[in-house]
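Student: I would like to go through this chain element by element. Please begin with the terms, then take my questions in turn.

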Amino acid sequence: SYLSSEHARAGGAALPLCAMDGDHLQGRWLRNCDPAAIRRPERYAYGSPLPRTNGSWDYRLCSRMGYAQRARTREALAWSWVPDQCALRQVDGAEFGAWLAGRRLLFWGDSLSGQAFYSLLFSLGAEVERVADLPPEPAALDAFLDGRTGGPLCSYGGVGDEGGALTAAALRSGGTLVKVLGHAPMVDELRR
């Protein structure tokens, strides 16, 4: 399946999980299915359907942006990276949440950072307790962190547009993911 590597080789010997110290860098791309067999790319990638799209443009759900993008997404999902000496660990929302605990993980940048944020958010599944697009001001983030704003991922209305400049997701374990889109400020910083 997608995002999993072969856990056993010929002879049935299970591989150890990758330590992520470079042991995962030597390997090969393995075609795991025929792209035409992937009917719902987001369900295939994340194991469940994603929230409905409200807007007409959404870089997080490329497969919904027309036939060419859907075909490209299905082709990409048909391949997985398989390390030679170890097995990649499946994303486990509860385990990730326990690791993050009461800390915050910040994604700051352009739409590529936003894609990484949403990919992780959707991969964490039920570990995501609340998510909200917020006004870019400290009081709004404070209100979210205090539990006064935001709702469950299944009712999140930001899918379908860019999700706003500031999006926060609270995890059940107390950790927080924060996405800050800073297209114009980044350009200004680079010019200095």
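Tutor: Helices (H or I, at least four residues) and strands (E, at least two) are DSSP runs, numbered from the N terminus. This is a predicted model, in which local features need pLDDT of at least 70 and side-chain atom pairs count only at pLDDT 80 or more, while totals for chains, interfaces and linings use all residues. Residues are numbered from 1 along each chain as its sequence is written, and side-chain values use heavy atoms, with hydrogens and water left out.

Student: In what order do the elements of the chain run from the N terminus on?

Tutor: The chain has six helices and six strands. From the N terminus on, their order is β-α-α-β-α-β-α-β-α-β-β-α.

Student: What percentage of the residues of the chain count as buried?

Tutor: Buried means under 20% relative accessible area, exposed over 50%, and partly exposed in between (1.4 Å probe, protein chains only). The chain has 192 residues, and the share of them that counts as buried is 39%.

Student: Is strand 6 largely enclosed or open, and how many of its residues are buried?

Tutor: Strand 6 covers residues 176-181. It is largely enclosed by the rest of the structure, because the number of its six residues that are buried is five.

Student: Which residue of strand 6 is the bridge partner of Trp-108?

Tutor: Two strands pair if DSSP finds at least two bridges between them. Strand 3 (residues 104-109) runs parallel to strand 6, and six bridges join the two. The partner of Trp-108 in strand 6 is Val-180.

Student: Which residue of strand 6 is the bridge partner of Ala-170?

Tutor: Strand 5 (residues 166-171) pairs with strand 6 in the antiparallel sense, over five bridges. The two strands form a hairpin with four residues between them, and Gly-174 in the turn has a positive phi of about 105°. Ala-170 has as its bridge partner in strand 6 Thr-176.

Student: Within what arc do the buried residues of helix 5 fall?

Tutor: In helix 5 (residues 138-145), the residues Ala-140, Leu-141, Ala-143 and Phe-144 are buried. They line one face of the helix, because seen down its axis (taking the directions from the axis to the C-beta atoms) they fall within an arc of 160°.

Student: Which residues are exposed on the other side of helix 5?

Tutor: The cover over the buried residues of helix 5 includes strand 4 (128-134), strand 5 and strand 6. On the other side, the exposed residues are Pro-138 and Ala-139.

Student: What is the relative accessible area of Gly-147?

Tutor: Gly-147 follows helix 5 and has a positive phi, near 85°. It is found in the loop between helix 5 and strand 5. Gly-147 is partly exposed, with a relative accessible area of 44%.

Student: How far apart are the end C-alpha atoms of helix 4?

Tutor: Helix 4 (residues 111-124) has 14 residues. The expected span is 1.5 Å times one less than the number of residues. That should give 20 Å, which agrees with the separation of the end C-alpha atoms, 20 Å.

Student: Which residue has a side-chain oxygen that reaches the backbone nitrogen of Leu-112?

Tutor: This is at the start of helix 4, and the oxygen comes to within 3.1 Å of that nitrogen. At the other end, just after helix 4, Gly-125 takes a positive phi of about 55°. The residue that supplies the side-chain oxygen is Asp-110.

Methods
Contact means heavy atoms within 4.5 Å. A polar contact is a pair of N or O atoms within 3.5 Å; within protein, one must be able to donate a hydrogen and the other to accept it, and residues adjacent in sequence count only if both atoms are side-chain atoms.
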